[in-house]
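Keep the sequence and the coordinates at hand while reading.

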Amino acid sequence: MQPATDATVFIVDDDAGVRDALAWLLRSRRLLSSTFASAEEFEAMLAGGFRPSQPCCLLLDVRMPGMSGLALFEKILERGLAKLMPVIFLTGHADVPTAVDMVKRGAFDFGEKPFSDNALVDRIEDALRHSAEVLAAQREKGALESRLAELTDRERDVMRLVAKGLPNKLIADQLAISVRTVEVHRSRVFDKMDVKSAVELANLLRDL
């Protein structure tokens with residue numbers, strides 16, 4: 001799976017030379033980038049309600065004047081964006097233990113300065129694929145929740161018992177309705193949930 005062509009790599013680094021070099025490297029690999037000179041500048045975008053709708057990742061310098069990369073990462077964690085927007089820290093040698101700790105807390109990876117172009121781009125592409133997978137899973141979950149919202153209360157009752165593997169007769173007994181009514185509701189549940197079997201329905205609900 002290749003990264004989406006509309007994926008974006010955000011770069012937050014106070015060193016203009018590093019920003020330019022990274023942006024050039026990404027252009028050479030046909031990857032879009034957006035640069036920020038400070039953590040405050042990027043945080044302002046987040047505070048404005050930014051939430052990724054396309055695959056993205058963040059290259060984040062650890063040490064910067066004002067708000068550090070670590071402080072910005074805390075805000076990203078607070079907003080629940082670390083999986084949607086994987087963070088790759090850019091570190092000096094002295095910051096490696098800190099970067100390792102951040103990976104344990106949810107950062108995607110870290111690259112040590114001076115970084116290897118190929119190794120860094122490989123990890124960026126991995127991060128973008130991860131972001132795409134998380135976004136796809138969220139969209140699928142949202143679509144599933146929309147389908148569930150279309151069910152009536154009785155259809156939900158029947159669905160839960162069907163998903164447990166109960167036959168129509170036992171479902172009818174438990175809900176005090178006729179077998180024929182169970183069959184009708186079962187058929188409607190399958191149609192609305194876009195499944196063809198009780199096993200498929202159970203798997204779908206388990207994923208949710």
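**Helices, sheet and a buried serine**

In this predicted model, helix H7 is followed by Ala176, which has a positive phi, near 60°. H7 itself covers residues 168–175, and Asn168, Ile171, Ala172 and Leu175 are buried in it. Viewed down the axis of H7, these buried residues fall within an arc of 100°, so they line one face of the helix. The cover over the buried residues of H7 includes helix H6 (153–163) and helix H8.

Helix H8 takes in residues 179–193, 15 residues in number. From its first C-alpha to its last, H8 reaches 21 Å, close to the 21 Å expected at 1.5 Å a residue. Which residues of H8 are buried? They are Val182, His185, Val189, Phe190 and Met193. Because the buried residues of H8 fall within an arc of 140° when seen down the axis, they line one face of the helix. The face of H8 turned away from that buried side carries Arg180 and Asp191, which are exposed. Just after H8 comes Asp194, with a positive phi of about 60°.

The sheet is the next element to consider. It is open and made of five strands in the order E2-E1-E3-E4-E5, with parallel pairing. Strands E2 (32–36) and E5 (109–112) stand at the edges; each has a single partner strand, so one side of each is left without a neighbour in the sheet. On average, neighbouring strands of this sheet are turned by 20° against each other, direction ignored.

Within the sheet, strand E1 (residues 8–12) pairs with strand E3 (residues 56–61) in the parallel sense, over five bridges. Val9 has Cys57 in E3 as its bridge partner. Helix H4 (residues 96–104) packs on the sheet, where it touches strand E4 (87–91) and E5. The direction of H4 makes about 160° with that of E5.

The last stop is a single side chain. Ser131 is found in helix H5, which spans residues 117–149. Is Ser131 buried or exposed? Ser131 is buried, because its relative accessible area is 0%, and the cut-off for buried is under 20%. A polar atom of the Ser131 side chain lies 2.6 Å from the backbone oxygen of Leu84. Apart from neighbours within four places in sequence, Ser131 is in contact with Gln54, Pro55, Cys56, Lys83, Leu84 and Pro86.

Methods
Residues numbered from 1 in each chain as written. Predicted model: local features only at pLDDT ≥ 70, side-chain atom pairs only at ≥ 80, totals over all residues. Heavy atoms only, no water. Helix = DSSP H or I, 4+ residues; strand = E, 2+ residues; numbered from the N terminus. Expected span 1.5 Å × (residues − 1). Buried < 20%, exposed > 50% of the residue type's maximum accessible area, 1.4 Å probe, protein only. Arc of directions from axis to C-beta. Pairing = 2+ DSSP bridges. Axes fitted to C-alpha atoms, helices over the stretch in contact; angles between N-to-C directions. Contact = heavy atoms within 4.5 Å. Polar contact = N/O pair within 3.5 Å; in protein donor to acceptor, adjacent residues only side chain to side chain.
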